[in-house]
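User: I would like to go through this model label by label. Tell me what each term rests on.

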Amino acid sequence: MDLKAPRGTRDVLPEETARRQALERAFADVCDRYGYGEIRVPTFEHTELFVRGVGDASDIVRKEMYTFEDKGGRSLTLRPEGTAGVARAFIEQGMASRPAPVKLWYNMNMFRYEKMQKGRYREFWQFGCEVFGSEAPEADAEVIGLLDSYFLELGLSRIRLELNSIGCPRCREAFRQALKDYYKPHFASLCSDCQVRYELNPLRLLDCKEDHCHQLAEEAPVQLDFLCPACLEHFDKVKGYLDKLGVAYTINPRLVRGLDYYTRTVFEFVSPHVGTQGSICGGGRYDGLIAELGGDDMPAVGFAMGVERLLIELEAQGIPAGQLKEPDLYIASFPSTAADALALAQQLIREGFAVETDIMGRSIRAQMKAADRRGARFILVLGDRELAEAKGRLRRLSDGSESEVPLTAVSSRLKQEGEVLDHE
Ligand code: HAM
């Protein structure tokens, strides 16, 4: 029996959880200030949702889904991404009747059967935003601006924004034909996947990672040259707004994204630190998805960011994010005072302090060491005498200074000390 975690999954231990929580809090906070509300959707959906939403020609649907049959014979799939589920919920919950735009964010785990690599896992987390109901380029600019604000708050720099427009279905048709014309003489030399893509969705040919196909894609026609006037104008406006917001970008005419629902604006934030794919975050506009899933025509735009890749990037840039909470106070005790130490700790914790006490039956010396290792700010040794006199000595670990304090006043003393510390 193999008792290891399944390949591609990770255990997140408390130190990393603390870093993640700091990122989560900051993301929730920035979304809050931009007026986005959090949505949570099921971990699994009907397989058909992703086939229709993400697209049957995409790598995700063709190769990467965790699909299973439940006991009722339904085909279900662990969500490989969040947009399809959120769009399904938008339709099913009648959110189209809410005042537009409907602005949502999420923090959810995703599942893709991919080859393990640095920054590429089979279960991973995404922070995402989806905006429904606005076709205006202002919406594209807002979601990109939100990301830029988030990176700025985290102190991240040097993440490049790549931007492209892949047009609407109308201008896509001409482009599709141009691609087929270009690839036709090379058909026999394409990898077997690309031969399927050629038939199913030629746009995906531009996405292939195989050396030969990748080289061919470098010379292929680009969608930007085939944009209709309306798409061109939309793209120009998006760029203009980003300039106004001070968000730097690079136009990458070969950026197509790996999911089929995109229209017009597509973008990725990339960095060399996060493995071969380099993308920390990807998104774009998907004006046809809601109708594709059975809703009314409803323009939409959004993005998702890989949390593990964000952590890698922060580390690469030497930015510490979030640490385990250090105790304000460690109460050391003896067997005869252990119960009182537990009670005092609980009382102080309920008042809002971080307090630890010994739950190992250790010697005072070992408890002192533990307090030091945990980075406690103060120590209080609770012996029989301290209990009898109802007062003890509060020792500050940073400089060894001590002061006497009635046991009933520990809380107010910690509060005072905390205020002094905040002031310094
Ligand atoms: P995506 O580009 O497939 O887009 O994924 C977005 C981000 O998720 C990537 O940039 C990457 O950071 C992270 N990611 C993807 N696969 C993995 C993996 N196997 N391991 C670790 N991280 C990974 C979407 O998912 C779209 N739903 C984004 C979107 C939202 N577009 C519009 N709205």
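**Labels against their cut-offs**

User: Why is R396 called partly exposed?

Analyst: R396 has 24% relative accessibility. Buried means under 20% relative accessible area, exposed over 50%, and partly exposed in between (1.4 Å probe, protein chains only). The 24% of R396 falls in between, so R396 counts as partly exposed. Note that this is a predicted model: local features need pLDDT of at least 70, side-chain atom pairs count only at pLDDT 80 or more, and totals for chains, interfaces and linings use all residues. Residues are numbered from 1 along each chain as its sequence is written, and side-chain values use heavy atoms, with hydrogens and water left out.

User: What makes E417 and R396 a salt bridge?

Analyst: The N to O distance between their side chains is 3.5 Å. A salt bridge needs a side-chain nitrogen of Lys or Arg within 4 Å of a carboxyl oxygen of Asp or Glu. The pair qualifies. E417 sits in helix α15 (410-423) and R396 in strand β15, so the bridge ties parts that are 21 residues apart in sequence. Helices (H or I, at least four residues) and strands (E, at least two) are DSSP runs, numbered from the N terminus. E417 is at 15% relative accessibility, so it counts as buried.

User: How many salt bridges does the rule give, and which residues form a network?

Analyst: The count is 33. Shared partners join K391, R393, R395, E402 and E404 into one network. Within it, R393 and E402 pair with their closest N and O atoms 2.6 Å apart. R393 is partly exposed at 42%. E402 is partly exposed too, at 39%.

User: How far apart are the closest N and O atoms of E268 and R257?

Analyst: They are 2.9 Å apart, and the pair is a salt bridge. E268 lies in strand β9 and R257 in the loop between β8 (250-251) and β9, so the pair links parts 11 residues apart in sequence. Both residues are buried.

User: How do you know that the bond joining A100 and P101 is cis?

Analyst: Its omega is about 0°. P101 is in the loop between α4 (83-92) and β5 (102-111).

User: Why are the buried residues of α8 on the same side?

Analyst: The residues are C213, L216 and A217, in helix α8 (211-219). They cover an arc of only 105° around the axis, which puts them on the same side. The arc is that of the directions from the helix axis to the C-beta atoms. The face turned away from the buried side carries the exposed D211, Q215 and E219. The buried residues pack against α6 (169-183) and α7 (192-200); contact means heavy atoms within 4.5 Å.
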